[in-house]
Amino acid sequence: MPLDVLPTDTYKQFKIRRGFFRLNGSTILPGGVNFSIYSSGATSCELILYRNGAKEPFATIPFPKNYRLGNVFAMIVFDLDYENIEYGFRIDGKHNVQRGDIYDKSKILLDPYAKMISGRNEWGIMPDRTNNFQYRSKVAINDFELETDPSVTTSQNDLIIYEAHLRGYTRHASSGVKHPGTYAGFIEKIPYLKELGINAVEFLPIFEFDENEDVINDTVRYDSKGNRLLNYWGYNPISFFAPKASYAASGKYSMQIYELKNLIKELHKNGIRVILDVVFNHTAEGDERGPYISYKGIDNKAYYILGPNGEYYNFSGCGNTLNCNNPIVRQMILNCLRYWISEYHIDGFRFDLASILGRNQDGSPMSNPPLLELLAFDPLLTNTLLIAEAWDAGGLYQVGTFPSYGRWAEWNGHYRDDVRHFLRGDLGYAKAVAARITGSEDIYNPALRGNASINFITCHDGFTLWDLFSYDTKHNEENGWNNTDGTNDNISWNCGEEGATSDKEILNLRYKMVRNAAAILLCSIGTPMILAGDEFCNSQFGNNNAYCQDNEISWLDWSLLEENKTIFEFYKNLIAFRKQHPIFSRTSEDTPKDYPAVSLHGVEPWKFDYSYTNRIVCVLLTGKTAEGKDDFIYICINSHWEDHRIHLPALPGNHPWKLVINTDFGDKAFIDEDNRPDVYHISILPARSVLVYNAVI
């Protein structure tokens, strides 16, 4: 674009000219700001300008008719003090609910491409009820230099993903950080992540969302202690391009962009990739009872999937469903992802309720969804991780069948469920759990899907790992729904007593079950994902749906790190062990002579028991070390409450096995390399235990 853009028109005291239509949102140009917005059904559009924090606008500038090209309005306003203004749009058009047109000129609308949102810099502040909870856009000054940001090229095969809530990670007083609950506070925990061995962090939503959705819907709720319940998780987006200001210690100075970029830069300096949890399935505008924030007033029937009478289809469970395969919405999503990887150097995205991204404009599932294909083959996203939560709230479950185009990985819900069932001792899961440990090739064709499986046992949605073995049922009473919210199918086991206990036998069993789960997860083929805090037994006190709990229920209690230091050390050693053995990431197809890469065994080698009553699974993984030596790993799992004698497969030259892990050994479950005993043919597999053997020849 030319650098000598000059005004051509005047409106009142403002110098203006026809803008650049291919730019989206607000863009700083020499001498002015370009404002652009799309609307297919608009009959007119106005730009509304405010001084920072002012209740009333200081200017309303109509877009002249010749400032429209097709369905895009674009205007350059010159000599604006853009650091000290806020803006919105007012759009007029038809109002026919049945046809999906609900234009309302009285509403001032948020720019869907806004890179910053004003008035959001303090967490939980009740919004102004006037003007339909108006949100305002700000012009972003994007001059933080990220060009020297070191790239992290760790392949997906080698990632240890750590799912964390940005606020809750350091909000508890025990975190000891200077700025709790912020991007800056998270930076202080990077040395901890490095010590643990984490090389990828997956953040729950950090796009601007409104934690005050109950205020918007006029249903303010409190728990029994008087704490106001908020949308703590953040699956309630109001802007896809803007980082959450209240997650920044410097948010009150509109410095959230700088602070987030600094966090990403520091994570990259320490070899940690950054994955964002993105919510392109619905928005905070809700259904017909919800507010006008942006999309409803700009182009309701383009942005949302509507029924025959203009009603909102609700495949998200949150009131509306984004019309992802409408070409306009599809392009916005692509532009959004490109923005985050180019401006923030984000390494990957986890798509919440991703099956919605494959629904047609009438809500039906598509066999070849344009959006998923577009993202899979976009040249700018070539090295970007794309991870699908391959289901939605409308009943579509696509784990293993999600349209991947060889690019998409998936949260493997079958892995979570099958491992939980088997660990609990349920019958009929031996074959399934063996498949999960060996890469879920019964679900993901390795020739077509590569390393599609993101293996996890726990995540933000559900019990923590400690709670998984401390509660038989959910305890969500504090959520205010009489314990009716959250899943009832937790596949959990309290080990003999519900909740907190002083019974040492039960506590020891719970610790063992945590070690069992960790050992299986980190010794499985596929990409492991750990829920933040599981490595030191963080608890949510039995709450399996803590979406609204901005308090000690959800915040990580760092005092547990010292209390459960041996569990942390077990995780740390497991992660290091995994990184030492390319077998787990399948980076090489070379295997020892006469040994398959993967084989299943039982109490006798080479004889897997496929019967319904079997509770013993043994898996042999073979490959090469980084130095080219033959590498053998034998994983043995006993979910029975009795010990079993097992025979180990013979190694070349009658070489002995080394016992690396025995979860029955308590605090000594991970055995130091110098103290690993030789084992030849016979071993005892203790009740409810996992043993891991290794031999490098």
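At what angle do helix H9 and helix H13 pack, and how far apart are their axes? The legends below take up this and two further views. This is a predicted model, in which local features need pLDDT of at least 70 and side-chain atom pairs count only at pLDDT 80 or more, while totals for chains, interfaces and linings use all residues. Residues are numbered from 1 along each chain as its sequence is written, and side-chain values use heavy atoms, with hydrogens and water left out.

**View 1. Helix H9 meets helix H13.** H9 (residues 413-424) and H13 (residues 504-522) pack at an angle of about 140°, with axes 11 Å apart. Tyr415, Val419 and Leu423 of H9 make the contact (heavy atoms within 4.5 Å) with Met513, Asn516, Ala517, Ile520 and Leu521 of H13. These residues divide into 7 nonpolar, 1 polar and no charged.

**View 2. Phe351 in the largest nonpolar core.** A nonpolar core is a set of buried Ala, Val, Leu, Ile, Met, Phe, Trp, Tyr and Cys residues joined through side-chain atoms within 4.5 Å, where buried means under 20% relative accessible area (1.4 Å probe, protein chains only). Of the 195 residues here, Phe280 and Phe351 touch the most other members. Beyond its neighbours within four places in sequence, Phe351 contacts residues including Val278, Phe280, Leu337 and Trp408.

**View 3. Val33 in strand E4.** E4 spans residues 32-38. Val33 counts as buried because its relative accessibility is 0%. Leaving aside neighbours within four places in sequence, its contacts include Ser26, Met75, Tyr82 and Val139.

Conventions: Axes fitted to C-alpha atoms, helices over the stretch in contact; angles between N-to-C directions. Helix = DSSP H or I, 4+ residues; strand = E, 2+ residues; numbered from the N terminus. Nonpolar A, V, L, I, M, F, W, Y, C, P; charged D, E, K, R; others polar. Buried < 20%, exposed > 50% of the residue type's maximum accessible area, 1.4 Å probe, protein only.
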